[in-house]
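Welcome! Take a look at the sequence and the model before you start.

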Amino acid sequence: MKKRLLGFILAAIMCLGMSGCDSEETTETAQNNDSAVTDPSDVEVAVIFKSLSAEYWKTMKAGAEAAASDLGISVTVLGPSDESEIAQQVTMIEEQIAANVSAIVVAPCEENAVIGALEPYVNQLPVLMVDTDAALEGKKAFIGTGNKNAAKLGGEYAAELLGEGKKAVLIGGQQGEMTSTQRLEGFREGLEEGGIEILEEQYGKNTADQAVAVMEDLITKYPGEIDVVLCQNDDMAIGCQTAIEQSGENIKIIGFNGDEACVQLILEDKIEATVAQQPYLMGYQAVEQAFKAATGETIEEHQEVAANLINKDNGEAYLKGEQ
């Protein structure tokens, strides 16, 4: 009888011990899964763009900082020295995560590199993409303009302007980079649907200087044949304008981004049009959404920011903020 009673007591003690361990483990797991910041004023958001050298990124930075000011939170905005500096961006991502930020927003220079840097942490803090999406499982949201559809506006406009049978060249940014691929695809689709022949596609590394050299080579290769050049960004459109002016050729230019310097050249009849994104709104919305995610709110996974085509008809209104 005494042995049986002792057995019951030992069994009860073991059950209590196991229950206690399970309870402790469950509590710890719940704490690890709950990354939401309880005090909104403690939120710190890291924003890492492709670069901060171009007007486009500087405008997006201003939007991000304005959102942080309005929300009363801390934001750190960074970017590599050039959009081709993939390793620099990865290092920035790693450093900001190590600094225990509440959320991180990234415009990927190169998709796979960014996924590799963020994937181990995607369940530890909210991760958002801005401007350029990446196929990162578990990211909270993408905020930006669909590059293919926006670029198609430029291709369609060029085709409508020139008419069937004319010839075009395309200049992308970084070969193999997602934004470049998508914008070239959109340009191509809009042009081909309008009956425009594409002579060649080249890459200008997103800079005006490189675009000058690329455009000079294309003019030499196709003298008198090119009717229009479509560029992935406005910096390259401005570079092409310099090369075309120096050559004396009559080639129309379509840019992308809606930078003020490009729009001024549109008003001076030196560039035909640009596809304008809304970088200020993207930057503002990205920080606003990162704040919501960091404080436990559910946010929409895909948030489209509309694009507009800017030409001489609406250029002045655009610069005044009316378009």
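The model is a predicted one, in which local features need pLDDT of at least 70, side-chain atom pairs count only at pLDDT 80 or more, and totals for chains, interfaces and linings use all residues. Residues are numbered from 1 along each chain as its sequence is written, and side-chain values use heavy atoms, with hydrogens and water left out.

**Exercise 1. Describe how helices α7 and α8 cross.**

Step 1: Locate the helices, which are DSSP runs (H or I, at least four residues; strands are E, at least two), numbered from the N terminus. Helix α7 covers residues 208–221 and α8 covers residues 234–247. Step 2: Their axes (lines fitted to C-alpha atoms over the stretch in contact, with angles from 0 to 180 degrees between N-to-C directions) come within 7 Å and cross at roughly 45 degrees. Step 3: The pair is therefore oblique; under 35 degrees would be roughly parallel, over 145 roughly antiparallel, 65 to 115 roughly perpendicular, and the rest is oblique. Step 4: The crossing is right-handed, a term for a near helix turned clockwise from the far one by less than a right angle, anticlockwise being left-handed.

**Exercise 2. Work out how α8 meets α9.**

Step 1: The axes of α8 and α9 (residues 260–267) come within 9 Å, crossing at roughly 40 degrees. Step 2: That makes these two helices oblique. Step 3: Their crossing is left-handed. Step 4: In contact (heavy atoms within 4.5 Å) are D234, I238 and Q241 of α8 with A261, C262 and L265 of α9.

**Exercise 3. Which loop holds N100, and which holds D269?**

Step 1: N100 sits in the loop between α3 (86–98) and β3 (103–106). Its phi is positive, about 65 degrees, although N100 is not a glycine. N100 is exposed at 64%. Step 2: D269 is in the loop between α9 and β10 (273–276). D269, also not a glycine, has a positive phi near 65 degrees. D269 is exposed at 56%.

Note on methods:
Buried means under 20% relative accessible area, exposed over 50%, partly exposed in between (1.4 Å probe, protein chains only).
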